[in-house]
Amino acid sequence: MVAAASIALYCASAFFGNIAFSAMGFGMGICFLFVYQLGVLGGIMDDFGLKHAVFIQNIAILVVQPLVLWRAGLKQNLRLDMMLTMVPMQLLATPIGQVLQDYTPAEILKIVVGVITISVALWQIYNIWKASRSDVKTPPTTPALEDNTTVITNKNITIEMTETPVKKDVEQGDAADTELSWLQKIRAVFYPLKGAIIGMIVFAFLSGFTGGLIGVRGPPLIIFFFIWEYAKPEVRANGTVIATANTMVRIITYMVKSTPEEYPYDTWFVMDDIYLYLAVAVTSLIAAPVGLYLTRYLNRSGYKIALTMLLIINGITMITTATIDLVGNAKDV
């Protein structure tokens, strides 16, 4: 049975992880594992290992996903191209990562992922700095504060006007007669083949693989959305759907996959830990409304900065913990 101090730390990990996920559609695994590793380094957790922590992380994100999906505006923001590419890649790559947990040098992979994510974060920080310098030099005209919000400024009076999103496939008059069939829409996604579609396939596969292997699926997707930019509501909504697909596959895999030798039980789900599951679930449900409330204060630039910070946190966590594990393994030898 997990000790009370360990339950408290798992709850703290779930709380901060689900605030990030509810606000941005990303970052649950990054923030969860960051807090978890702090506990391990501080010696306050009877540690069952990273694989058990990843298992608990899946329970924590699973309970909030229905609420976050409901608030994501799927009807307006869901993209057919991402659903046809990223979701299948998650379904394919996630179990591959989980199966290879016992055969892959996780420490080396974590260092590689950490170096890549920090490098991308630094590149993004440079882009943000360059854009801010450009904004200072160029007098603003009519700035867009949010994806659907325009500001009109006249002397000391500022008026914000927010337009209600309109479905892109809804047209006026006779345009409805020319609406494409589903087969035509699917064909239009893949032909002619675009760079963004290839990027969706590659980065979604990497996301599912790293999510199944080390519990962090966010960095490849964040990098994709840095390279190919989309509106914030679309990123958040589609990211949430992709995360849900990833989580469902992992939960199913945990039901049929055997536990590692160092784990004290024969199955992942055990009645002795029911209090841990309930505590993490309740904490996660408390965190979700907080993240949903905070998302209204994230404009386009703020959203990019938040995603960049997630990459930095992930990189530091991956490199630090992997290095400690490698040193510890060398001493044991």
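## The core

Met24, Phe26 and Ile56 touch the most other members of the largest nonpolar core, which has 71 residues. A nonpolar core here is a set of buried Ala, Val, Leu, Ile, Met, Phe, Trp, Tyr and Cys residues joined through side-chain atoms within 4.5 Å. Buried means under 20% relative accessible area, exposed means over 50%, and partly exposed is in between (1.4 Å probe, protein chains only).

Take Phe26: leaving aside neighbours within four places in sequence, Phe26 is in contact (heavy atoms within 4.5 Å) with Ala20, Phe21, Arg217, Gly218, Leu221, Ile222, Phe225, Val235, Gly239, Tyr303, Leu307 and Leu310.

## The model and the chain

This is a predicted model, in which local features need pLDDT of at least 70 and side-chain atom pairs count only at pLDDT 80 or more, while totals for chains, interfaces and linings use all residues. Residues are numbered from 1 along each chain as its sequence is written, and side-chain values use heavy atoms, with hydrogens and water left out.

The protein chain comes to 13 helices and 3 strands; these are DSSP runs numbered from the N terminus, with helices (H or I) of at least four residues and strands (E) of at least two. Of its 333 residues, 45% count as buried. Among contacts between residues at least 6 apart in sequence, 79% join residues at least 24 apart.

## H1 against H2

Helix H1 (residues 4–24) packs on helix H2 (residues 28–42) at an angle of about 155°, with the axes 7 Å apart. Axes are lines fitted to C-alpha atoms, for helices over the stretch in contact, and angles run from 0 to 180 degrees between N-to-C directions. That makes H1 roughly antiparallel to H2. For the angle labels, under 35 degrees is roughly parallel, over 145 roughly antiparallel, 65 to 115 roughly perpendicular and the rest oblique.

On the H1 side, the contact includes Leu9, Tyr10, Phe16 and Phe21, and on the H2 side the residues include Met28, Phe32, Val35 and Val40. By class, the H1 contact with H2 has 13 nonpolar, 4 polar and no charged residues. Here Ala, Val, Leu, Ile, Met, Phe, Trp, Tyr, Cys and Pro count as nonpolar, Asp, Glu, Lys and Arg as charged, and the others, Gly among them, as polar.

## H3 and its two partners

H2 packs on helix H3 (residues 50–62) at about 130°, axes 10 Å apart, and that makes H2 oblique to H3. Met28, Gly29, Phe32, Leu33, Tyr36 and Gln37 in H2 meet Leu50, Ala53, Ile56, Gln57, Ala60 and Ile61 in H3. The tally for this contact is 9 nonpolar, 3 polar and no charged residues.

H3 also packs on helix H11 (residues 232–256), at about 125° with axes 10 Å apart, so H3 and H11 are oblique to each other. Lys51, Val54, Phe55, Gln57, Asn58, Ile61 and Leu62 in H3 meet Thr247, Met248, Arg250, Ile251 and Tyr254 in H11. By class, that contact has 7 nonpolar, 3 polar and 2 charged residues.

Ala23 sits in H1 and is buried, at 5% relative accessible area. Its C-alpha atom is 4.4 Å from that of Gly291, 268 residues away along the chain. Beyond neighbours within four places in sequence, Ala23 is in contact with Arg236, Gly291, Thr295, Leu298 and Tyr303.

Val282, in helix H12 (residues 274–294), counts as partly exposed at 48% relative accessibility. Val282 and Phe15 are 267 residues apart in sequence and 9.4 Å apart in space, C-alpha to C-alpha.
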